[in-house]
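These are my notebook entries on one structure. I looked up the contacts between its parts and recorded what I found.

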Protein chains: 2
Amino acid sequence: MFERSPAERPMPTSTIEDYLKAIYAEQLARPGERVTTGRIAEALSVTPGTATSMMKTLANAGLVSYEPYGGVTLTGAGEALAMRVLRRHRIVELFLVEVLGMDWSEVHPEAERLEHVVSEKMLERMDALLGRPTFDPHGDPIPTARGDVATTDHPSLLTCEPGRHRVARVLDQSADFLRRLDRCGVVPGEVATVGARDDDGPVVVETTSGRHAFDRAAAAQILVEPVQDPATRS
Amino acid sequence: MFERSPAERPMPTSTIEDYLKAIYAEQLARPGERVTTGRIAEALSVTPGTATSMMKTLANAGLVSYEPYGGVTLTGAGEALAMRVLRRHRIVELFLVEVLGMDWSEVHPEAERLEHVVSEKMLERMDALLGRPTFDPHGDPIPTARGDVATTDHPSLLTCEPGRHRVARVLDQSADFLRRLDRCGVVPGEVATVGARDDDGPVVVETTSGRHAFDRAAAAQILVEPVQDPATRS
DNA sequence: GTAGATTTTTTGAGTAGTCAAAACTTCGGG
DNA sequence: CCCGAAGTTTTGACTACTCAAAAAATCTAC
C-alpha cells in the first residue's frame with residue numbers, strides 16, 4: 001500500500017503547500033468533519049483521482065491522516081505547514097497593497113505565487129515594515145510566526161442583526177466580487193447600515209456611497225461586527 | 001528528430017527561463033562564440049545529457065538555434081525572453097535592497113526565485129517606486145521594458161590603469177565574495193585607488209577602510225571606472 | 001593522419017504531477 | 001435487504017525534468 005516511513009522532510013513542493021492550504025480551508029469551513037477527496041479536487045481544480053493520489057503522498061509525508069473512502073484531516077505537522085503558507089500569503093497580500101499600492105482585488109493571485117518562494121528573511125522584513133500586522137486587506141487574520149491564528153467569529157450580512165456594522169472580513173476573494181465591493185464602499189473598516197431582512201430576499205445595505213443590495217450568496221461572504229453607536233442605541 | 005512546429009507559446013516554465021538566462025550570460029562572456037551544451041550544463045549544475053535534451057526543447061520552441069555538436073545561440077525570441085527575466089531579476093534585487101533593506105550579498109538567491117513569479121503589474125509598481133532605476137545593487141544594468149540593455153564596457157581591477165577608480169560593477173554574486181567586498185568598502189559607487197601591478201601577483205587596492213589585496217580571479221570580477229580627479233592628474 | 005582524450009548525444013530509467021476512464025465502495029430509497 | 005446513484009480509488013498513460021552510463025562525434029597531439 002502506502003508505506004509510512006520515518007521519512008526525511010525534503011522541502012515541500014508548492015503543489016503540496018497548495019493542497020495543505022485547501023485542506024485547511026475546508027476544515028475551517030466545516031469544523032469537525034473529515035475533508036473528502038472530492039472537495040479537495042474541486043477546490044484545486046484537479047480530477048478526483050489526482051486528489052486521491054496526492055492524499056497518499058501527503059499521508060506518507062505525515063502531513064495528513066488519510067482513511068480510504070473516509071477523507072483526510074491535517075496532522076500537527078500538516079497544520080503547522082499550512083499556517084506558515086497562510087502567513088506568507090497574507091503578509092504578502094498586505095505588503096502588495098500597503099507598500100506597492102496595488103488594489104485589494106488583484107493581490108490574491110499574485111500572493112498565490114509569491115507565498116511559495118519568499119524566504120523567511122524577506123518575510124520578516126515585510127512583516128517589520130508593515131508593523132507586525134494582524135489582518136490582511138481582506139480582513140483575514142495573519143498567523144503568527146509560531147503558527148497561531150486569531151479565530152474571529154463575526155456574523156455575515158446574512159446572519160447579523162439589522163443596524164450599523166463595521167465590515168470586518170470578506171471571504172470571497174475573486175477580483176470581480178472585490179471590485180464590486182469597492183464600488184459599494186463595502187470594504188473592511190467601513191461602516192454599513194444593514195436594513196431589515198426578509199427571509200429569502202436580498203440583503204440591503206446603506207453606505208456612504210448609497211444603498212446596495214446583495215443576494216444571499218454574496219451576503220454570506222461579507223462578515224461584519226456590530227458598531228457600538230450611542231446615538232443609535234435604543 | 002526534433003520537429004520544429006510553428007508552435008504555440010505556452011508560457012515558459014521557470015526551468016526554461018533559467019536556461020535562457022544562462023545561455024545569455026555565456027553569450028555575453030564570450031561574444032561571437034556559440035555556447036556549448038557543456039558550459040550550459042556546468043552553469044546550471046545539470047548533467048551534459050540534460051542540457052542537450054533541453055537544448056532540443058528550446059530549439060523546438062524557437063528560443064535558440066541549436067546545431068548538434070555545434071552549440072547554441074539565442075534567437076530573437078530567446079533573447080527577448082532572457083531580457084524580460086533579467087529585468088525582473090534586477091529590479092527585484094534592487095527592490096529588496098532599497099525597500100526591504102536587505103543586504104546586497106543575500107538578494108541574489110531570493111531574486112532567482114522571485115523573477116519567475118512576479119507579475120508585470122507588480123514589476124511596474126516596483127520599478128515606479130524605485131524611480132525607474134538603470135542599475136541594480138551589483139552595478140548590473142537593468143534592461144528596459146522593451147528589452148534594451150546598456151552595454152557598459154568597464155575595465156576590471158586586473159586590466160585598469162593604476163590610480164583612482166570608482167567601483168562600477170561586481171560580476172561574481174556569491175554571498176561570501178560580496179560580504180568580503182563589503183568589509184573592504186569595495187562596493188559600487190565607492191572610490192578605490194589601485195596600486196601598481198606586477199604581472200601575476202595579487203592586485204592591491206586602497207579604500208577608506210585600508211589596503212586590500214585581491215587575487216587575479218577575484219580582481220577580474222570587479223569592474224571599475226577611472227575617476228577624473230584634477231588633484232591627481234599628471 | 002590516426003590514437004587517445006574530451007565532449008556531446010543517446011538511451012533507459014526515475015520522480016512529481018496530471019488526466020481519462022474503468023473498477024470499486026458506500027450510501028439512500030424502495 | 002438489495003439496487004442504483006454518487007463518490008472514491010485504481011489503472012494506464014502523458015509531460016516536464018532529471019540522472020547514469022553507453023555510444024558517437026570531435027578535437028589534440030604526436
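How many nonpolar, polar and charged residues does the surface near DNA strand D have? I looked this up under the rule that Ala, Val, Leu, Ile, Met, Phe, Trp, Tyr, Cys and Pro count as nonpolar, Asp, Glu, Lys and Arg as charged, and the others, Gly among them, as polar. The surface near DNA strand D has eight nonpolar, 11 polar and one charged residues.

Entry 1: conventions. I note that this is a predicted model, in which local features need pLDDT of at least 70 and side-chain atom pairs count only at pLDDT 80 or more, while totals for chains, interfaces and linings use all residues. Residues are numbered from 1 along each chain as its sequence is written, chains are lettered from A and ligands numbered from 1 in the order in which they are written, and side-chain values use heavy atoms, with hydrogens and water left out.

Entry 2: DNA strand D. I took a residue as near a strand if one of its heavy atoms lies within 4 Å of it. There are 20 residues around DNA strand D, and Lys56(A), Tyr66(A), Tyr69(A), Thr13(B) and Thr50(B) come nearest. Among the atoms of DNA strand D within 4 Å of the protein, 80% belong to sugar or phosphate and the rest to bases.

I then examined polar contacts (pairs of N or O atoms within 3.5 Å; within protein, one must be able to donate a hydrogen and the other to accept it, and residues adjacent in sequence count only if both atoms are side-chain atoms). A polar backbone atom of Tyr69(A) is 2.6 Å from a phosphate oxygen of DNA strand D. Gly38(A) has a backbone N or O atom 3.3 Å from a phosphate oxygen of DNA strand D.

I assigned elements as DSSP runs, numbered from the N terminus (helices: H or I, at least four residues; strands: E, at least two). Helix 3 of chain A gives the largest share of the surface near DNA strand D, four residues.

Entry 3: DNA strand C. I found 20 residues around DNA strand C, of which Thr13(A), Thr50(A), Lys56(B), Tyr66(B) and Tyr69(B) come nearest. Sugar and phosphate make up 83% of the atoms of DNA strand C that come within 4 Å of the protein. A phosphate oxygen of DNA strand C is 2.8 Å from a side-chain N or O atom of Thr52(B), and a polar side-chain atom of Thr37(B) lies 3.2 Å from a phosphate oxygen. Tyr69(A) places a polar side-chain atom 3.2 Å from a sugar or linking oxygen of DNA strand C. Helix 3 of chain B gives the largest share of this surface, four residues.

Entry 4: chain B against chain A. I counted 18 residues of chain B in contact (heavy atoms within 4.5 Å) with 18 residues of chain A. The buried area (accessible area, 1.4 Å probe, that two parts lose on being put together, summed over both) is about 1,600 Å², with 66% from carbon and sulfur atoms.

The rule finds two salt bridges (a side-chain nitrogen of Lys or Arg within 4 Å of a carboxyl oxygen of Asp or Glu) across this interface. In one of them, Glu106(A) pairs with Lys121(B), the closest N and O atoms being 3.2 Å apart. Helix 6 of chain B gives the largest share of the side that touches chain A, five residues.
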